[in-house]
Amino acid sequence: MDFELSTEPLDVGQLRKRLQHPSAGALVDFEGWVRDHNEGRRVERLEYEAYTALALKEGQRILEAAKERFSLRAACAVHRTGLLEIGESAVWVGVSSDHRAEGFEACRWIIDRIKMSVPVWKREHYAGAEPEWVACHACTHAVEPVGSLGQELSEDHSSCGDDQGASGHHRHGHVHA
Amino acid sequence: MTTVHLQYFSTLRSQVGLGEETVVTSARTPEELWGELETRHRWNARRAHCAVAVNDDFAAWDSPLRDQDRVVFLTPVAGG
C-alpha cells in the first residue's frame with residue numbers, strides 16, 4: 001500500500017509487480033497519459049506541481065480507505081511531477097484482488113479520489129502562448145479530503161467529468177490522464 | 001501578533017510571485033489570514049473554492065493559528 005510521487009518516468013511493468021499476491025486472481029490498473037489537446041487548445045506538454053508533504057499523506061489515506069471499502073490484496077498509486085511530454089504517464093493506479101469486480105471498482109474509486117483531493121496541480125504549455133494553470137471551470141469547489149467525507153462522491157462531481165481521451169473515465173477535473 | 005510561514009502553489013504562486021513568505025499577522029484563523037493576504041497580494045481566487053492546510057494537513061478555516069504555523073492555501077486541485 002504505497003502512494004508515491006515521482007520526478008522520473010513511470011515504469012509500469014515494475015509497478016505492477018508490487019501488486020503480486022498468491023491469493024489475487026485479478027489485477028486492474030489505470031494509467032493516465034498526457035494528451036495533446038484540452039478544451040480545443042493544442043497542448044505541447046504538461047507541468048505537474050505537488051505539495052509533497054500533504055500529497056503523500058492524502059494519497060496514502062486514499063489507498064488505506066480503499067482497502068477498507070474493497071476487498072483488496074494490494075493497492076498502489078504513483079503521480080508524476082515536473083515537465084511531461086505528450087504520451088507520458090502522469091499517474092498510475094493499480095490494485096489486485098481475488099476477483100475482478102472488486103478490482104475494477106476499487107481502481108476507479110482510487111483515481112477519482114486522487115483527482116479530488118491530492119494536492120497536485122497541472123499547467124498546460126502551448127505553442128506560442130503563455131502556460132496556464134488548469135482550473136475546473138465546470139465545478140470549481142474546494143478540496144474535499146478523503147477523511148472528511150462520508151466516503152461517497154457527492155452528486156455534483158458526477159456531472160463534471162469531461163470524459164475526454166481514451167482513458168477518460170474520471171468524474172472530476174479536466175482529464176489529461 | 002503571530003508569525004506564520006506561507007507556501008504558495010499553482011496559480012497563487014504565479015499570482016503572488018513568491019513560493020513562500022513569512023508574515024507577522026494579527027489574524028487568529030486561516031480565514032482571517034486569507035483576508036489579510038488577499039488584500040495585500042490582490043490575488044484572483046475565491047476562498048469558497050479553496051481549502052487550507054496547516055502544518056501539512058487539512059485544517060478548518062476557523063481553526064486557531066499558532067505562532068510558527070506553516071500555512072498553505074489550496075486552490076482546486078488538478079492532478080491526473
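At what angle do the axes of helix α2 and helix α3 of chain A cross? I looked this up and found roughly 150°, with the axes of α2 (residues 52–69) and α3 (residues 100–117) of chain A coming within 10 Å. That makes α2(A) roughly antiparallel to α3(A), a label that covers angles over 145 degrees.

Housekeeping before I go on: this is a predicted model, where local features need pLDDT of at least 70 and side-chain atom pairs count only at pLDDT 80 or more, while totals for chains, interfaces and linings use all residues. Residues are numbered from 1 along each chain as its sequence is written, and chains are lettered from A and ligands numbered from 1 in the order in which they are written. Helices (H or I, at least four residues) and strands (E, at least two) are DSSP runs, numbered from the N terminus. Axes are lines fitted to C-alpha atoms, for helices over the stretch in contact, with angles from 0 to 180 degrees between N-to-C directions.

**Helix pair, chain A**

On the α2(A) side, the contact residues (C-beta atoms, placed from the backbone, within 7 Å) include I62(A), L63(A) and A66(A). Among those of α3(A) I found W109(A), I110(A) and I114(A). The contact divides into seven nonpolar, two polar and three charged residues.

**Sheet, chain A**

Next I traced an open sheet of four strands, in the order β7-β5-β9-β10 (chain A), with antiparallel pairing (at least two DSSP bridges per pair). β7 (82–85) and β10 (129–133) of chain A each have a single partner strand, so one side of each is left without a neighbour in the sheet. I read an average twist of 25° from one strand to the next. Inside the sheet, six bridges join β5 (residues 45–50) to β9 (residues 120–126) of chain A, and A50(A) has V120(A) as its bridge partner.

**Strand β5, chain B**

β1 (residues 2–7) of chain B pairs with β5(B) in the parallel sense over three bridges, with Q7(B) bridged to V72(B). β3 (residues 51–54) of chain B runs antiparallel to β5(B) over four bridges, and A51(B) is bridged to L74(B).

**Between the chains**

Last, I found 19 residues of chain B in contact with 32 residues of chain A. α1(B) gives the largest share of the chain B side, three residues.

Key
Angles under 35 degrees count as roughly parallel, over 145 as roughly antiparallel, 65 to 115 as roughly perpendicular and the rest as oblique. Two residues are in contact if their C-beta atoms, placed from the backbone, lie within 7 Å. Ala, Val, Leu, Ile, Met, Phe, Trp, Tyr, Cys and Pro count as nonpolar, Asp, Glu, Lys and Arg as charged, and the others, Gly among them, as polar.
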